[in-house]
Structures are given as structure tokens and as C-alpha cells.
Amino acid sequence: MTTLVTAFTPLSGLLGGLLIGLSAVVLMAGLGRIGGISGIVGALVGGAWLEGRGWRLLFVAGLLAGSAIVVLLGGFDPSTMTYSGDLSRIALGGLLVGTGTAMAAGCTSGHGICGLSRLSPRSLVATPIFMAMAIITVFITRYTSGG
């Protein structure tokens, strides 16, 4: 079994968390919208995007630009990312995540960051379920399937 080691990077984690929180506050204060990525991207690709298309496109562009800036500044090397699964596993994972976010009416960013901060009862239920499923998935992936 391969042991995965993740570097302890508290400063970059803190900075990333602050930026995510700031983006959620700016979006809520400026437009009254929740910064849930599944809802933002889902509206863009799902066809119901005519109202509010501009801010959604800017938000997604900001996510991509921020990632590119971090890579360009040497804060992350994307060539270190690997995945041992095949395309069918990736597709199945994406389908399950998409179905889950549709059933939960949001994703971890919408419920976990924006919903919890507003004390949303739905988010108070959804977020622990997301976390429990993540823990189970890591356990299965690392200890039963040799990942």
C-alpha cells in the first residue's frame, strides 16, 4: 500500500481560506448571491443563465485566473498531480458528485461556507453529510482499493 504524505502548509491554507471567505462576502454583499460553485457553474451550463450571466462568468474566470497566478508564481506544480484511475472512474465520480450536489441543492462551498455562516438549517444538515461521505470515500480509496 502506498502512503500519501501531504505537506503541512498552514500559511497558504490560511490565505486560501481568507480569500474564499472574502469572495463569499463580496458576492453576498454586492449582489446578494451565494458563492456556491455548483450553482454558479450549473446555471452557466444548464441553460438558465441569461439572468446574471456576467457575474457568473466573472466569478469562474476569477477562479481560473487565481489558479493560474498561483502556478505562475511557483506556488504549485500541476505536474505533481496524478490519478491512477481510468476515464470511466473519473466520469462516474463526476456523475456522483453532480447528482449529490443537485440532491443537496448545493455543494460544499454553497452549504459549508455560505450556508453555515447564515445558519441555514439545510446547510447544517448537508455539510456534516458531505464531510462524512468524504471521510468514507478516503477510507475506501486508501484502504480497500489500494489507492
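Where is the place of T127? T127 lies in helix α6, which covers residues 121–143.

## Basis of the model

This is a predicted model, in which local features require pLDDT of at least 70 and side-chain atom pairs count only at pLDDT 80 or more, while totals for chains, interfaces and linings use all residues. Residues are numbered from 1 along each chain as its sequence is written, and side-chain values use heavy atoms, with hydrogens and water left out.

Helices (H or I, at least four residues) and strands (E, at least two) are DSSP runs numbered from the N terminus.

## T127 and L116

T127 is buried, with a relative accessible area of 13%; the term denotes values under 20%, with exposed over 50% and partly exposed in between (1.4 Å probe, protein chains only). Leaving aside neighbours within four places in sequence, T127 is in contact with H111, G112 and L116, where contact means heavy atoms within 4.5 Å.

L116 belongs to helix α5, residues 108–117. With a relative accessible area of 29%, L116 is partly exposed. Not counting residues up to four places away in sequence, L116 touches H111, S123, L124 and T127. The C-alpha atoms of L116 and M131 are separated by 13 Å, the two residues being 15 apart along the chain.

## S109

S109 is also placed in helix α5, and its relative accessibility of 13% makes it buried. Apart from neighbours within four places in sequence, S109 is in contact with G35, G36, I37 and C114. Its side chain reaches the backbone nitrogen of I37 at 3.1 Å.

## The second largest pocket

The second largest pocket has a volume of about 640 Å³. Of the 22 residues that line this pocket, those closest to its centre are G16, L19, I20, L63 and G66. Two or more lining residues come from each of α1 (10–31), α3 (53–72) and α5. Helix α3 gives the most to the lining, with eight residues.

A pocket is an open set of points on a 1 Å grid over the protein atoms alone, where a 1.4 Å probe fits, with protein on both sides within 12 Å along at least five of seven lines; lining residues have an atom within 4 Å of a point. Grid points are joined across faces, edges and corners, and the volume is the space filled by probe spheres set on the points.

By class, the lining has 13 nonpolar, nine polar and no charged residues. Ala, Val, Leu, Ile, Met, Phe, Trp, Tyr, Cys and Pro count as nonpolar, Asp, Glu, Lys and Arg as charged, and the others, Gly among them, as polar.

Note on methods: A polar contact is a pair of N or O atoms within 3.5 Å; within protein, one must be able to donate a hydrogen and the other to accept it, and residues adjacent in sequence count only if both atoms are side-chain atoms.
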